[in-house]
Amino acid sequence: MPPDDDEAEDQQQPQPKGAHALEGLVVGSYCHDVLLRGGRVVGETLGGAAAFVSNVLDAASPPEAAFCVVSKVGADFAYASAPAPARRPALLCPARPTTSFHARFSDAAASAHAPDRQLRRVHACDPIYPDDLPDRPFAYGLAVGVAGEVLPETLERMIRLCRAVLVDAQALIRAFDAEDGGVRHVALEGTPYARLLQRVAFLKASSEEAPYVGVETARRRCCVIVTEGRDGCRLYWDGGEARVAPFPAVQVDPTGAGDSYLAGFAAGLLWGLSATDAALLGNFFGAAAVSQVGVPTFHPKMLQAVKRILEDKAIPRSSPCINGAFFTFQRSIMHDELHASLEEAARLMHDQPPPATENGDGIHSAQEPTSGC
Ligand SMILES: Nc1ncnc2c1ncn2[C@@H]1O[C@H](COP(=O)(O)OP(=O)(O)O)[C@@H](O)[C@H]1O
Ligand SMILES: O=P([O-])([O-])O[C@@H]1[C@@H](O)[C@H](O)[C@@H](O)[C@H](O)[C@@H]1O
């Protein structure tokens, strides 16, 4: 198919050079998460995919890979003075409240594929408009909206600015009940995002979202990743697929697993791994996310070990792989060895207990709001 005018323009776009040749653009709002079990509030945490994503990119990107976050919050934002990741300033919308979700957990969610929480959007901040994005080229972009804030025209602008765009399906297919904000999904094909898919590099969906994405149609346009909770994930591209094994975890809070997965995956690509190998890093950080409440804190020894493994195993990045033209999908010969080394590193996470307080509900409160709430 010949490229349309937009695509031709994209292909001529100047490549970023110099110290920020691997700079990323993360688009999606921070939010307030309220966790409920049995009608009782059992945790209040910083949320929003952008928060989980920044946390993992900070932890796992190669040293030369910077990134910036475009996020919106209201004047009530409770984590403005918190340490990373919300220290990356969000655009302030004084007239609107911070996006907020209530996540209701059911005790019965024992199956890996059963929805383990019911989400309600309680407040929505302003959308992120194309003009809110910095006007410069980026090596990669992550479209990680949670509340419908990444508009189709904003995703289109990201595609123009970034050499490769990775998208979380939750940014595209969520619809919100007009009465109570209940989250449901709509078919991607019927949304204005569908026509952009062929200019996206990777689309990640959870197994609950996958039927709405339509994997068989979507994989002909971009690589589709379906995450399967504690079973790991599968990648589907035009002409092949792969299953990638998980890492063991004791789940205390599933929030942010998908977000942390996507950022781990992107970091893997930045280190020069193939998509199937990078998915190991996604699974690794997805597992790390569920073992703590809210945005997780990683043990420094664990992170050192992960970086050593990547420095050792990843290919030199003189020609960055995070570039639509150069992705390789297949697992490499060192895939199993990489899994074993990361599994070893994961044990260091428990070298000392994470900074969480048990409250008897299986959900621990790792972060308290620093103001507001
Ligand atoms: N209980 C678990 N044990 C180990 N890894 C997990 C667990 N839950 C999630 N993960 C990891 O996180 C990834 C994303 O989780 P998933 O539940 O599929 O996404 P979402 O948070 O979007 O619903 C999975 O592919 C897996 O790698
Ligand atoms: O758990 P996950 O699917 O990766 O992502 C979550 C979103 O689905 C949710 O709307 C938001 O409130 C959480 O903070 C987190 O971003």
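This is a predicted model: local features need pLDDT of at least 70, side-chain atom pairs count only at pLDDT 80 or more; totals for chains, interfaces and linings use all residues.
Residues are numbered from 1 along each chain as its sequence is written, while chains are lettered from A and ligands numbered from 1 in the order in which they are written.

**Figure 1. The whole protein.** The protein has 10 helices and 16 strands (helices are DSSP runs of H or I with at least four residues, strands runs of E with at least two, numbered from the N terminus). It comprises 373 residues, of which 49% count as buried. A residue is buried if 20 or more other C-beta atoms lie within 10 Å of its own, exposed if 12 or fewer, and partly exposed in between, with C-beta atoms placed from the backbone. Among contacts between residues at least 6 apart in sequence, 71% join residues at least 24 apart; two residues are in contact if their C-beta atoms, placed from the backbone, lie within 7 Å.

Figure 2. Eight strands form an open sheet with mixed pairing, in the order S4-S1-S9-S10-S13-S14-S15-S16. Two strands pair if DSSP finds at least two bridges between them. The edge strands, S4 (67-70) and S16 (240-244), each pair on one side only. From one strand to the next, the twist averages 15°. S15 (residues 233-237) pairs with S16 in the antiparallel sense over five bridges. Arginine 234 has arginine 243, in S16, as its bridge partner. H8 packs on the sheet, where H8 touches S14 (223-227), S15 and S16, and the direction of H8 makes about 150° with that of S15. Axes are lines fitted to C-alpha atoms, for helices over the stretch in contact, and angles run from 0 to 180 degrees between N-to-C directions.

**Figure 3. Helix H2 against helix H7.** Two packed helices are described by the angle between their axes and the distance between the axes. For H2 (residues 49-60) and H7, the axes come within 8 Å and cross at roughly 35°. On the H2 side, Ala49, Phe52, Val53, Val56, Leu57 and Ala60 meet Asp259, Ser260, Leu262, Ala263, Gly264 and Ala267 of H7. The residues of this contact divide into nine nonpolar, two polar and one charged. Ala, Val, Leu, Ile, Met, Phe, Trp, Tyr, Cys and Pro count as nonpolar, Asp, Glu, Lys and Arg as charged, and the others, Gly among them, as polar.

**Figure 4. Helix H7 against helix H8.** The axes of H7 and H8 come within 7 Å and cross at roughly 145°. H7 passes H8 in a right-handed crossing. Their contact holds 16 nonpolar residues, six polar and one charged.

Figure 5. Of the 15 residues around ligand 2, the nearest are Gly47, Phe101, Val146, Gly258 and Asp259. S2 (31-37), H2 and H7 each supply at least two residues of the shell, and the largest share, three residues, comes from H7. The shell has seven nonpolar residues, six polar and two charged.

**Figure 6. Phenylalanine 101 in strand S7.** Phenylalanine 101 lies in S7 (residues 100-105). Phenylalanine 101 is buried because 23 other C-beta atoms lie within 10 Å. Not counting residues up to four places away in sequence, phenylalanine 101 touches Cys31, Asp33, Gly47, Leu119, Arg120, Arg121 and Val122.

**Figure 7. Proline 130 in a loop.** Proline 130 is found in the loop between S8 (117-123) and S9 (138-143). Proline 130 is partly exposed, with 16 other C-beta atoms within 10 Å. The C-alpha atoms of proline 130 and leucine 151, 21 residues apart along the chain, are separated by 8.2 Å.

Definitions and conventions: A residue is near a molecule or strand if its C-beta atom, placed from the backbone, lies within 6 Å of it. A crossing is left-handed if the near helix is turned anticlockwise from the far one by less than a right angle, and right-handed if clockwise.
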